[in-house]
Amino acid sequence: MENVELLIDCQNILGEGVLWNDQDNFLYWTDIESKRFYRWNSEDGDTEYREMPEKLCAFAFRKTGGFLMAFETGLAFWDWDTPSFSWLTKLHEKGGPVRLNDGRCDRQGRFIVGDFDAEEKSRGKAYRIDKSGESTELFGDLDSANSTCFSPDGKTMYYSCAVKGEIWAYDYDPETGIPSGRRLFHSFDGQPGLPDGSTIDEEGFLWNAQWGGSRIVRFNPAGEIDKVVEMPVKNITCLCFGGKDLDTLFVTTARMTLTDEDIKVNPQSGGIFLLKTDCKGLQESRFRG
C-alpha cells in the first residue's frame, strides 16, 4: 500500500463514477446515497459539491460542454453553474427497487448505462443512449450493472453483473452500438470481493475496483490477473486515470454496509485515493448528443 495515498477525506456513503476532465483538470465523482455531485480542482486542491434532486448514479462529459447525468429515474443534461435540468428520458420511478447505476460512453460518444436492482431479482437492464437522446434496451437479467468500459479500439465492451461475481466481454459494433457474443472475461469465485467499477489503460488492460475486497486488480486482455494493489479500506467502488500525463489512478470508496466498528478500524473509508502508476490511461470519451 506504499503508493496509495488518501487525496480527499470526504467520507462518502457511496462514492462512485469518478472521471477526470482533461479540459479543466478537475476530478468529478458522485456520492450516490448523499445525492451530491463533487469536483476537485487539481490546481488549488479545493473540493466542492452540488446537491442533486435525486440519486446521481453515473454521468458523462458532453462534447458541447456540461454533463449527461444518469439519475436513479432517468437521464438529463446539466451544467455545473446552471440550476435547471433538461430531462431526456425517464426509465424508473423515484425510490423504487430498480434504479440506474453504472455508465460510460463508448468510443463513438454514445452512453451505455445499466440498472441496479435493490431486491436482487435480476430485473435490471442495460441501455444505449444515442446521440439523438433516444434510449434502446440492449439486454436484461442484471442485478447490479457495473464495470462498463471499452477496449482502446472500441470493439470490445466489458460489463459486469456484480452480485453474480462476473465480468463479461462482448463483441461491440462501433457502427451500430450493438453488443454481441457475450463471454466470461473473469469469474471472481474465490476472490475476497465482487467486481465494481472498471477502466481501461492504453495497453488494453482492465483495472477493476473490488467491492468488499480491499483491493484493485489489473487484468490482461485475456482476463488473467496481472497485478493486485492492496487498499487501506474495504469497499472500493470505481477508478479512473487522470492527471497531466494520465498516469495517476483516482479511486472512489464507500462507507455503505460498514458498521461503526468497521469505520473505527478504517476511518478513511469513503475517501478519494490516488495511486501513481507506470501505466497510462485513455482520455474519457464524451457524449456527442
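Predicted model: local features only at pLDDT ≥ 70, side-chain atom pairs only at ≥ 80, totals over all residues.
## Basis of the values

Local features are given only where pLDDT is at least 70 and side-chain atom pairs only at pLDDT 80 or more, while totals for chains, interfaces and linings use all residues. Residues are numbered from 1 along each chain as its sequence is written, and side-chain values use heavy atoms, with hydrogens and water left out.

Strands here are DSSP runs of E with at least two residues, numbered from the N terminus. Two strands count as paired if DSSP finds at least two bridges between them. Four strands make up an open sheet with antiparallel pairing, in the order 18-19-20-21. Strand 18 (194-200) and strand 21 (225-230) are at the edges with a single partner strand each, so one side of each has no neighbour in the sheet. On average, neighbouring strands of this sheet are turned by 25 degrees against each other, direction ignored; the axes behind this value are lines fitted to C-alpha atoms, and angles between N-to-C directions run from 0 to 180 degrees.

Strand 18 and strand 19 (residues 206-211) run antiparallel and are joined by five bridges. Within this pair, Pro195 is opposite Gln210 of strand 19.

## Two hairpins

Strand 4 (residues 36-41) is joined to strand 5 (residues 47-51) by five bridges, and the two run antiparallel. Phe37 has Arg50 of strand 5 opposite. The hairpin of these strands has five residues between them, and Gly45 takes a positive phi near 80 degrees there.

Strand 10 and strand 11 (residues 111-117) are also antiparallel, with six bridges between them. Gly103 has Val113 in strand 11 as its bridge partner. In this hairpin five residues lie between the strands, and Gly109 has a positive phi near 90 degrees. Eight of the eight residues of strand 10 are buried, so the strand is largely enclosed by the rest of the structure. Buried means under 20% relative accessible area, exposed over 50%, and partly exposed in between (1.4 Å probe, protein chains only).

## Cavities

The search uses a 1 Å grid over the protein atoms alone: a cavity is a set of points where a 1.4 Å probe fits but cannot get out, and lining residues have an atom within 4 Å of a point. Grid points are joined across faces, edges and corners, and a volume is the space filled by probe spheres set on the points. Over the whole structure, two cavities of 30 Å³ or more are found. The largest cavity has a volume of about 160 Å³. Its lining has 15 residues, of which Arg104, Thr199, Leu282, Gln283 and Glu284 are the closest to the centre. Strand 10 (98-105), strand 14 (145-150), strand 18 and strand 22 (235-242) each supply at least two lining residues. By class, the lining has nine nonpolar, three polar and three charged residues. Nonpolar covers Ala, Val, Leu, Ile, Met, Phe, Trp, Tyr, Cys and Pro, charged covers Asp, Glu, Lys and Arg, and the others, Gly among them, are polar.

The second largest cavity holds about 80 Å³. Its lining includes Gly17, Val18, Leu19, Asp102, Arg104, Cys238 and Glu284. Strand 2 (15-21), strand 6 (56-61) and strand 10 give two or more residues each to this lining. The classes are five nonpolar, two polar and three charged.

## Largest pocket

A pocket is an open set of points with protein on both sides within 12 Å along at least five of seven lines. The largest pocket has about 450 Å³ of space. It is lined by 25 residues, and Leu14, Arg99, Phe116, Ser144 and Met256 are the closest to its centre. Strand 10 and strand 18 each supply at least two of the lining residues. The lining has 12 nonpolar, six polar and seven charged residues.

## Cysteines

A disulfide is taken as a pair of cysteine sulfur atoms within 2.5 Å, and the count is zero. The cysteine sulfur closest to that of Cys10 is in Cys240, 13 Å away and too far for a bond. For Cys279 the closest cysteine sulfur is likewise in Cys240, at 15 Å, too far for a bond. Cys10 is buried with a relative accessible area of 15%, and Cys279 is buried with 4%.

Most residues other than glycine have a negative phi. Ser122 has a positive phi of about 55 degrees and is found in the loop between strand 11 and strand 12 (124-129). Ser214 has a positive phi near 55 degrees and is in the loop between strand 19 and strand 20 (215-219). Ser214 is partly exposed, with a relative accessible area of 22%.
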